[in-house]
Amino acid sequence: MNIVVTGGTGFVGRALCASLSDSGHHIVILTRNAGAVLRVLGTNMTAVEWNGRDRGTWEESLEGADAVINLAGEPIAAGRWTKERKQFIVESRVNATQLLARAIPPASSRPRVFISASGVGYYGTSPDGRFDERDGPGSDFFADLCRSWEGAALAAQSHNTRVICLRIGMVLDREGGALAKMVPPFRAFVGGPIAPGSQWVSWIHQADLTGLIEWVLAHERIAGPVNAVAPGTVTMKEFCKLLGAALKRPSWLPVSEFALRLAFGELASFMTTGQQVIPKVALDNGYQFRYPQLEFALQSLFAGHRV
């Protein structure tokens with residue numbers, strides 16, 4: 001397949017593009033920095049300049065593309081949620097998605113599938129709810145963001161192009177994301193759960209996120225929202241207990257909500273509440289998770305690595 005990818009140099013995008021390329025697909029990465037693509041991913045992929053805001057010659061890359069995968073967006077937890085940062089988070093996702101979605105219908109040979117990232121934050125936070133793709137959105141900032149993000153993607157939907165909105169949970173990988181930030185305190189013997197510890201964590205191993213994306217590319221009956229999470233959701237307390245075990249470290253020092261609010265502002269409420277999300281579409285349609293349970297997912301990441 002000829003596949004166009006945004007966000008290809010992010011930690012999710014790097015793994016995905018490498019896997020797709022290894023499978024024989026031709027990858028075109030829309031990027032603000034073509035040099036970074038060559039350094040990070042090598043010369044076997046094509047880099048096309050775009051800024052995520054304006055129309056341009058990058059639209060020519062959509063002609064004849066079989067699929068577009070949109071992973072563009074500023075990292076959610078890269079810093080404190082100030083008013084300005086929240087606006088930047090929204091614009092980096094919604095505007096880029098609108099730009100792509102509007103460019104797809106005019107193409108003379110339209111992509112058959114548009115896969116666009118979203119998040120499990122779509123459902124809002126809940127201490128005891130269980131959510132699958134049939135449930136509606138929550139009412140907080142992250143839920144509003146995901147609803148706008150998905151709405152922008154659905155503008156590309158037609159009888160020629162199916163749209164999939166991947167509602168992604170915490171992606172587990174040593175090299176990036178939330179897990180990479182959680183590991184150093186454990187290595188220093190001061191790791192522990194984010195208070196209160198009873199909140200749900202909906203997670204997915206990097207290998208399964210890549211596998212799920214490749215799976216929906218190949219399954220033409222899949223469209224609409226798809227929860228990109230493992231079936232084995234756990235509480236934060238259990239997550240940190242298993243992380244400590246994988247790192248051969250204790251999980252004993254809780255992180256208070258007060259400390260989180262100092263560091264992250266409004267984002268702290270999302271981190272201390274969470275939600276339990278079920279991958280109903282994936283399970284009902286036969287996707288086989290490599291790592292359905294957290295214990296084995298963490299062992300696969302840290303077994304044999306120096307702690």
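**Entry 1: overall fold**

I began with the contacts: of those in the protein with a separation of 6 or more, 78% join residues 24 or more positions apart, where contact means heavy atoms within 4.5 Å. I note that this is a predicted model, in which local features need pLDDT of at least 70 and side-chain atom pairs count only at pLDDT 80 or more, whereas totals for chains, interfaces and linings use all residues. Residues are numbered from 1 along each chain as its sequence is written, and side-chain values use heavy atoms, with hydrogens and water left out.

I counted 11 helices and 13 strands; these are DSSP runs numbered from the N terminus, helices being H or I of at least four residues and strands E of at least two. The radius of gyration is 19 Å, close to the 19 Å that the globule rule gives for 307 residues, so the protein is as compact as a globular protein of that length. That radius is taken over C-alpha atoms, and the rule is 2.2 Å times the number of residues to the power 0.38. I found 53% of the 307 residues buried, meaning under 20% relative accessible area with a 1.4 Å probe, protein chains only.

**Entry 2: nonpolar cores**

I next looked up the nonpolar cores, each a set of buried Ala, Val, Leu, Ile, Met, Phe, Trp, Tyr and Cys residues joined through side-chain atoms within 4.5 Å. The largest has 80 residues, and Ile69, Leu172, Phe239 and Leu243 touch the most other members. Helix H7 gives the most to this core, with seven residues. Apart from it lies another core of 21 residues, among them Val28, Val48, Val68 and Ile104.

I then listed the neighbours of Leu172, leaving out residues up to four places away in sequence; they include Leu179, Trp203, Phe239 and Leu298.

**Entry 3: helix H5**

In H5 (residues 177–187) I found Leu179, Met182, Val183 and Phe186 buried. They cover an arc of only 115° around the axis, which puts them on the same side of H5; the arc is that of the directions from the helix axis to the C-beta atoms. These residues pack against strand E8 (170–172), helix H7 (236–247) and helix H11 (294–302). Phe189, with a positive phi near 65°, follows H5.

**Entry 4: helix H2**

In H2 (residues 34–41) the buried residues are Ala36, Val37 and Leu41. Their arc is only 105° around the axis, which puts them on the same side of H2. I found them packed against helix H1 (11–22), strand E2 (26–31) and strand E3 (46–49). Gly42 follows H2 and has a positive phi, near 95°.

Methods
Buried means under 20% relative accessible area, exposed over 50%, partly exposed in between (1.4 Å probe, protein chains only).
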